[in-house]
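Student: I want to learn how to read helices and their packing. Can we work through a case?

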Amino acid sequence: ALAGITDAGGEECFHIHVDIFVIGGEFYLAGFHIVQNALQAVKDGYRHIMVIGGDGTLHEVVNGLFIQQTVEPSEVTIGVVAVGTGNDWIRMYGLPKTYSEAIRAIKEGYTFLQDIGEVHYEESQFRQVRYMANVSGVGFDPSVTKIYEHYKALGKRGKHLYAQGCVKSFLSYKSTGVKVWIDDELVHKDLLFSAAVGIGKY
């Protein structure tokens with residue numbers, strides 16, 4: 001795929017070649033679940049993926065990348081053009097917020113490696129694992145995200161949706177019984193309203 005950026009007068013500034021786009025939670029070239037498509041893209045030989053979205057879109061791509069077993073994740077380069085609500089990941093690294101500057105940084109080969117966190121949990125008595133590039137939450141935080149994603153699925157847009165989801169979740173969410181282990185030691189076995197573990201600043 002070839003991406004173009006134009007200035008205010010419509011004149012094209014530069015191009016950048018990428019293998020596949022991810023836009024707003026869906027692959028531009030496919031319509032299936034983003035994790036599955038990220039996995040398949042790497043299996044099909046793609047090594048450069050551009051994410052056009054927010055923290056949630058990046059999260060799903062990262063999970064697909066670490067689930068696949070075709071190549072080491074470090075062999076795949078992910079570029080991010082942030083159009084999400086929070087965009088905490090680019091904020092953490094001081095990456096450009098404007099589309100043109102973000103693509104310019106990708107074009108110039110500005111890359112780095114970062115650690116990825118593994119989250120192990122049980123759901124319906126089955127052990128699960130997810131990967132995070134920034135932060136992972138349990139309790140109130142993911143309940144807000146669930147409501148927010150529901151709003152988006154209904155076609156609603158706007159930065160106010162997350163705040164609206166916070167209010168609705170706060171009025172309806174009830175603390176849940178949770179067990180938390182740290183280094184194989186049980187440190188919490190009680191009701192929990194919210195908790196977050198991060199490997200980043202925001």
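Student: Which exposed residues sit on the face of α6 turned away from its buried side?

Tutor: This is a predicted model. On that outward face, α6 carries the exposed residues V167, F170 and L171.

Student: And which residues of α6 are buried?

Tutor: Start with the general idea. An α-helix has 3.6 residues a turn, so residues three or four places apart point the same way. In α6 the buried residues are L161, G165 and S169. Viewed down the helix axis, they fall within an arc of 65°, so they line one face of α6.

Student: What covers them?

Tutor: The cover over the buried residues of α6 includes α5, residues 140-153.

Student: Now α5. What is its reach from first C-alpha to last?

Tutor: α5 has 14 residues and reaches 20 Å, close to the 20 Å expected. Its buried residues are F140, S143, V144, I147, Y148 and Y151. These cover an arc of only 140° around the axis, which puts them on the same side of α5. The face turned away from that side carries the exposed residues K146 and A153.

Student: What covers the buried residues of α5?

Tutor: The cover includes β9 (135-139), α6 and β12 (194-198).

Student: How do I describe the packing of a helix pair?

Tutor: Two packed helices are described by the angle between their axes and the distance between the axes. For α5 and α6, the axes come within 8 Å and cross at roughly 125°. The two helices are therefore oblique to each other. α5 passes α6 in a right-handed crossing. Contact residues of α5 include F140, V144 and Y151, and those of α6 include L161, G165 and S169.

Student: At what angle do α1 and α2 pack?

Tutor: Helix α1 (residues 34-43) and helix α2 (residues 55-67) pack at about 45°, with their axes 7 Å apart. That makes α1 oblique to α2. α1 passes α2 in a right-handed crossing.

Student: Which residues make that contact?

Tutor: From α1, the contact is made by I34, V35, A38, L39 and V42. From α2, the residues are T57, E60, V61, N63, G64, L65 and I67.

Notes. Residues numbered from 1 in each chain as written. Predicted model: local features only at pLDDT ≥ 70, side-chain atom pairs only at ≥ 80, totals over all residues. Heavy atoms only, no water. Buried < 20%, exposed > 50% of the residue type's maximum accessible area, 1.4 Å probe, protein only. Helix = DSSP H or I, 4+ residues; strand = E, 2+ residues; numbered from the N terminus. Arc of directions from axis to C-beta. Contact = heavy atoms within 4.5 Å. Axes fitted to C-alpha atoms, helices over the stretch in contact; angles between N-to-C directions. Parallel < 35°, antiparallel > 145°, perpendicular 65-115°, else oblique. Left-handed = near helix turned anticlockwise from the far one by under 90°. Expected span 1.5 Å × (residues − 1).
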